[in-house]
Amino acid sequence: MRIADKGKLSITGAIIGIAAVVLTVLGNPGNMGFCIACFLRDTAGAMHLHTAPIVEYVRPEIIGIIIGAFAFSLLGGDFRPRGGSSPVLRFIIGFIVMIGALVFLGCPLRMVLRLGGGDLNALVGLLGFIAGIGVGCIFLSNGFTLGKAERQSRLEGVALPASTVLLFILFLAVPSLFLFSESGPGSMHAPVAAALLAGLIVGAAAERTRLCMAGGIRDIFLLRDFTLITGFIAIFALTLIGNIIAGSFNLGFADQPVSHPMHIWNFLGMFAVGLGSVMLGGCPLRQLILAAEGSSDSAAAVGGMIVGAAFAHNFSLASSANVGPGINGKVALIAGIIVLLAIAAIATAKERRNA
Amino acid sequence: MKTLDASGYSCPEPVIMTKKALKDSPDGLDVIVDNRASKENVTRYATALGYKVAVEEGSGNWTLRISR
């Protein structure tokens, strides 16, 4: 069973790696075949939630991931509407994860894609990510929990996937409702059909295998279990090979696509993402998949990420490419990490008293 | 046989709860989980420690009978 799981995860990782490079070749920004944080942010911009002119686009990849995961969870019997495990705390944690991701300029998935493109700033981010997961694991093994989820109605479970379908229909039928970037990363995108198809495939494969960027490292720390990490390694290997074939491999810190070389902020940004992901039970990609499987709690976290992205651009918290974060972003990130640590400490202490 | 009800919790919490419970009752116990991820993760964890795991499917949940 272990080998079978690892095999499926390797194949899923390989599919994501290939899809990511193909989407980049077809028009997505560099090392951004997929980026859950960036794409939620672009979608938030398209919906007028923020008005940063360079990052506005309804990303069909996100829509495809949710629909693909929803469909396969129905087929496989994993669609189980449930919720009630601290939704407001999850919203706040999702919000802070997004701030961290936008200071670093990428979610954990894009961090791996950036590594595969030779971007060494992502290696600094990876160190921060591992540190954040390590701190999260200390809380987890001391009893941290956001509480029990209860069963919910099918209507509750279907609400988010149905909203996603509605968004896609509006995007195709009445595009004038949305804002679309004319320059910058938001203006760079693969054709809609290719992006949607890639999203559907990745959503379906990630749902079946429960692929998670944070979970792989977490399981090594907590359980000495190397199953989930195989997906992470496969994505890296395939994007590395794909980038070398496509001629887009460029090793170094300088002049990397949509990134910046401020090491401390790359480290701290991904530290917040790692810690927050462990608290939520999975990275941003995994939150999308769980929300599609009917988790109201993960839907709350995704909502927090979307609102966090809007705040990040309305209040200049997100980093600028090549420059890094401004003072607002630095203050918000430090405050966010303190809030994460406080939530983790209080939820852990409460659990120990009750034990 | 001791029973640990981990339903409502999502991974990795059921695995950590099982890990702690196995320290108190090293001969084995029953663990109730309500999602496939937890079922597979707890089974994988217990198997890796050398336990035998028998799975009983209930209505919307699984009872994992972990024994030596």
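User: Which residue just after α12(A) takes a positive phi?

Analyst: In this predicted model, the residue is A:Gly294, with a phi of about 105 degrees.

User: What can be said about how α12(A) itself is covered?

Analyst: Helix α12 of chain A spans residues 284–292 and is mostly covered, 9 of its 9 residues being buried. Among them are A:Pro284, A:Arg286, A:Gln287 and A:Leu290.

User: How does one describe two packed helices?

Analyst: The description uses the angle between the two axes and the distance between those axes. Here, helix α3 (residues 60–76) and helix α8 (residues 192–209), both of chain A, pack at about 40 degrees, and their axes are 6 Å apart. Angles under 35 degrees count as roughly parallel and those of 65 to 115 as roughly perpendicular; α3(A) and α8(A) are therefore oblique to each other.

User: What is the handedness of the crossing of α3(A) with α8(A), and which kinds of residue form the contact?

Analyst: The crossing is right-handed. The contact of α3(A) with α8(A) consists of 19 nonpolar, 6 polar and 3 charged residues.

User: How should I read a sheet?

Analyst: Strands in a sheet pair through backbone hydrogen bonds, in either a parallel or an antiparallel manner. In chain B, 4 strands form an open sheet with mixed pairing, in the order β1-β2-β4-β3. β1 (3–5) and β3 (52–57) of chain B are at the edges; each has a single partner strand, so one side of each lacks a neighbour in the sheet. From one strand to the next, the twist averages 20 degrees.

User: In which sense do β1(B) and β2(B) pair?

Analyst: β1(B) pairs with β2(B), residues 28–33, in the parallel sense over 3 bridges. Opposite B:Thr3 stands B:Asp30 of β2(B).

User: Which helices of chain B lie across these strands?

Analyst: Helix α1 of chain B (residues 13–24) lies across β1 and β2 of that chain and runs at about 160 degrees to β2(B). Helix α2 of chain B (residues 36–48) lies across β2, β3 and β4 of chain B, at about 0 degrees to β4(B).

User: Finally, how many residues of chain A are in contact with chain B?

Analyst: There are 17 residues of chain A in contact with 13 residues of chain B. On the side of chain A that touches chain B, α6 (121–141) and α9 (213–223) each supply at least two residues. The largest share, 4 residues, comes from α9(A). By kind, the residues on this side of chain A are 5 nonpolar, 3 polar and 9 charged.

Notes
Residues are numbered from 1 along each chain as its sequence is written. Chains are lettered from A and ligands numbered from 1 in the order in which they are written. This is a predicted model: local features need pLDDT of at least 70, side-chain atom pairs count only at pLDDT 80 or more; totals for chains, interfaces and linings use all residues. A residue is buried if 20 or more other C-beta atoms lie within 10 Å of its own, exposed if 12 or fewer, and partly exposed in between; C-beta atoms are placed from the backbone. Two residues are in contact if their C-beta atoms, placed from the backbone, lie within 7 Å. Ala, Val, Leu, Ile, Met, Phe, Trp, Tyr, Cys and Pro count as nonpolar, Asp, Glu, Lys and Arg as charged, and the others, Gly among them, as polar. Two strands pair if DSSP finds at least two bridges between them. Axes are lines fitted to C-alpha atoms, for helices over the stretch in contact, and angles run from 0 to 180 degrees between N-to-C directions. Angles under 35 degrees count as roughly parallel, over 145 as roughly antiparallel, 65 to 115 as roughly perpendicular and the rest as oblique. A crossing is left-handed if the near helix is turned anticlockwise from the far one by less than a right angle, and right-handed if clockwise.
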